[in-house]
Amino acid sequence: MTPCTHLDHVRVAQLPESVESCEECLATGGQWLHLRICLECGKVGCCDDSPNRHASGHARSSGHPLIRSLEPGEEWSWCFVDEVALLIPGVHGETRIPPSPLG
Ligand SMILES: [Zn+2]
Ligand SMILES: [Zn+2]
Ligand SMILES: [Zn+2]
């Protein structure tokens with residue numbers, strides 16, 4: 001596994017208790033499949049299987065490399081720069097998320 005060199009970008013140590021949806025989808029009336037959170041600024045976005053791919057869009061436009069899955073029971077993170085999945089032990093908590101409108 002390729003090591004990620006961006007762990008100093010992680011600013012989110014505690015996940016939010018609950019989120020409503022992908023922030024951009026909420027603003028634009030879009031639909032998401034799975035939710036991810038940016039570990040640098042805490043922005044919630046949708047996965048690359050969602051129609052609008054807001055999580056990777058945010059990573060590209062902001063330069064924030066790391067996201068973590070907010071899906072129940074999932075603890076993995078992903079680095080968009082290194083294109084590698086990893087577990088980041090310093091991130092705690094579990095987020096309640098609503099069911100996807102896309103099922
Ligand atoms: Zn990285
Ligand atoms: Zn979205
Ligand atoms: Zn961010």
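Q: What joins strand S3 to S4, and in which direction do they run?
A: Strand S3 (residues 66-69) is joined to S4 by 3 bridges, and the two run antiparallel. Two strands pair if DSSP finds at least two bridges between them, so S3 and S4 count as paired. Ile67 has Trp78 of S4 as its bridge partner. This is a predicted model: local features need pLDDT of at least 70, side-chain atom pairs count only at pLDDT 80 or more, totals for chains, interfaces and linings use all residues, and side-chain values use heavy atoms, leaving out hydrogens and water. Residues are numbered from 1 along each chain as its sequence is written, while chains are lettered from A and ligands numbered from 1 in the order in which they are written.

Q: What is the order of the strands in the open sheet?
A: The 5 strands are ordered S2-S1-S3-S4-S5, with antiparallel pairing. Strands here are DSSP runs (E, at least two residues), as are helices (H or I, at least four), numbered from the N terminus.

Q: What makes S2 and S5 edge strands?
A: S2 and S5 each pair on one side only. From one strand to the next, the twist averages 35°.

Q: How does H2 lie against the sheet?
A: H2 packs on the sheet and touches S1 and S2. Its direction makes about 120° with that of S2. Such angles run from 0 to 180 degrees between N-to-C directions, with axes fitted to C-alpha atoms, for helices over the stretch in contact (heavy atoms within 4.5 Å).

Q: Which residues of helix H2 are buried?
A: His54, Ala55, Ser56, His58 and Ala59 are buried in H2 (residues 54-62). Their cover includes helix H1 (23-28), strand S1 (35-38) and strand S2 (44-46). After H2 comes Gly63, with a positive phi near 75°.

Q: Why is the site of the zinc ion (ligand 1) called tetrahedral?
A: Its 4 donor atoms subtend angles of 96 to 116°.

Q: Which residues coordinate the zinc ion (ligand 1)?
A: Cys4 (SG), His6 (ND1), Cys79 (SG) and Asp82 (OD) do, at 2.0 to 2.3 Å. Donors are N, O and S atoms within 2.8 Å of the metal (3.2 Å for Na, K and Ca), so these atoms meet the rule. His6 is in the segment before H1, and Asp82 is in the loop between strand S4 (77-79) and strand S5 (84-86), 76 residues apart.

Q: Why is Cys4 called buried?
A: Its relative accessibility is 14%. Buried means under 20% relative accessible area, exposed over 50%, partly exposed in between (1.4 Å probe, protein chains only), so Cys4 is buried. His6 at 13% is buried too, and Cys79 is buried at 0%.

Q: What makes up the site of the zinc ion (ligand 2)?
A: The protein donors are Cys22 (SG), Cys25 (SG), Cys46 (SG) and His54 (ND1), 2.0 to 2.3 Å away. Angles of 102 to 117° make the site tetrahedral. The donor spacing is C-x2-C-x20-C-x7-H. Cys22 and Cys25 are both buried.

Q: How many disulfides are there?
A: The count is 0. A disulfide here is a pair of cysteine sulfur atoms within 2.5 Å.

Note on methods:
Four donors count as tetrahedral if all angles lie between 85 and 135 degrees; four count as square planar and six as octahedral if opposite donors are over 155 degrees apart and all others between 65 and 115; anything else is irregular.
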